[in-house]
Amino acid sequence: HKGGEVLDREKRLLIRAALAQPSAAVPAWTEWRADFAGPNASSSLSWAGGYVYKNLLAAGVEDAFAKGIYRHNWLSNTSKHSMLIPALREISKITPILPLKTFGFSHAKHSLGLRPIADFDIFVNQSSVEAVATRLVELEFLPIMELSLENLLEKVRPQRGSWNFKDGAGNDLDLHWKAFDHVSEQQNERLLRENSSLLNTEFGPANYMNSAMSLAAQIYVHALQGEDRYNGLFDIFNNTHADNIDSAAKLIRELNFCVEAGQVVDELVDALDTS
């Protein structure tokens, strides 16, 4: 299928430009610009562009096109984040939240410019779910699909791990009572408690996952929850370090998604193969 082959080639070039060593990244970006920039570019560029910009900088190349994508992501994500701070402060009066997904690893080492954030994911302990959901409704953040609070707590909660709340301006908070949908609320709470630490933030005290738990969670989202089989590779690679791999592997074994994690590694190896 010719279209599929073209898309695969574009993805491979973007992954190399974003994640590979300079000797492979710079020529990959040059090739991508020659063949795909402009009307031929796919929407995947918004996910790759910030990473490309940072990787090219490390190679001593400042590319204006990639920088523009990085700046756009940073401005958009920063604006969304600032709009949610008042609601997050109110939730923090009830319980410390634990930021998940991009919101979680955008803290400190991970820049808001690397890729777009659609919604902001937060985890709260099982004992606080009802109080937090009720407070969100009071703040005019309503459950999506016009779901009543009663149905959310009594019917949806036992079957899912999260639900989105939006206000009239479109600000989006994804409230999680599970970070890993396939295990119990109790196991979620225990694992996150054991692998996070409390920090002071602009919206109050919040628990942040350690690097190993963050990596395990990123692999889980990418491997098990239907995320695009391409976009998540950037985040996973960015959070993979020599000092967190063994600990992340232990968590993955405990959570029982070793096969899926292996598939993610295979995808990265395949994408970065420059032979």
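I began with contacts in the protein chain of this predicted model. Counting contacts between residues at least 6 apart in sequence, I found that 67% join residues at least 24 apart.

Next I looked up burial. Of the 275 residues in the protein chain, 48% are buried. I then took the accessible surface, which comes to about 13,400 Å². Carbon and sulfur atoms hold 51% of that surface.

I checked the overall dimensions. The C-alpha trace spans about 55 × 40 × 40 Å along its principal axes. What radius of gyration does the protein chain have, against that of a compact globule with 275 residues? The chain has 19 Å, and this agrees with the globule value because a compact globule of 275 residues would come out near 19 Å.

I counted charged side chains. There are 26 positive and 35 negative ones in the protein chain. I noted that the centres of the two sets lie 3 Å apart.

I turned to secondary structure. The protein chain holds 12 helices and seven strands. Which strands form the open sheet, and in what order? Five strands make up this sheet, in the order S1-S2-S5-S4-S3, and the pairing is mixed. I noted strand S1 (98-100) and strand S3 (142-143) as the edge strands, since each pairs on one side only.

S3 pairs with strand S4 (residues 162-166) in the antiparallel sense, over two bridges.

Notes. Residues numbered from 1 in each chain as written. Predicted model: local features only at pLDDT ≥ 70, side-chain atom pairs only at ≥ 80, totals over all residues. Heavy atoms only, no water. Helix = DSSP H or I, 4+ residues; strand = E, 2+ residues; numbered from the N terminus. Rg over C-alpha atoms; globule rule 2.2 N^0.38 Å. Buried < 20%, exposed > 50% of the residue type's maximum accessible area, 1.4 Å probe, protein only. Contact = heavy atoms within 4.5 Å. Areas by Shrake-Rupley, 256 points an atom, 1.4 Å probe, with all protein chains shown as cover. Lys, Arg positive; Asp, Glu negative; His and termini not counted. Charge placed at Lys NZ, Arg CZ, Asp CG, Glu CD. Pairing = 2+ DSSP bridges.
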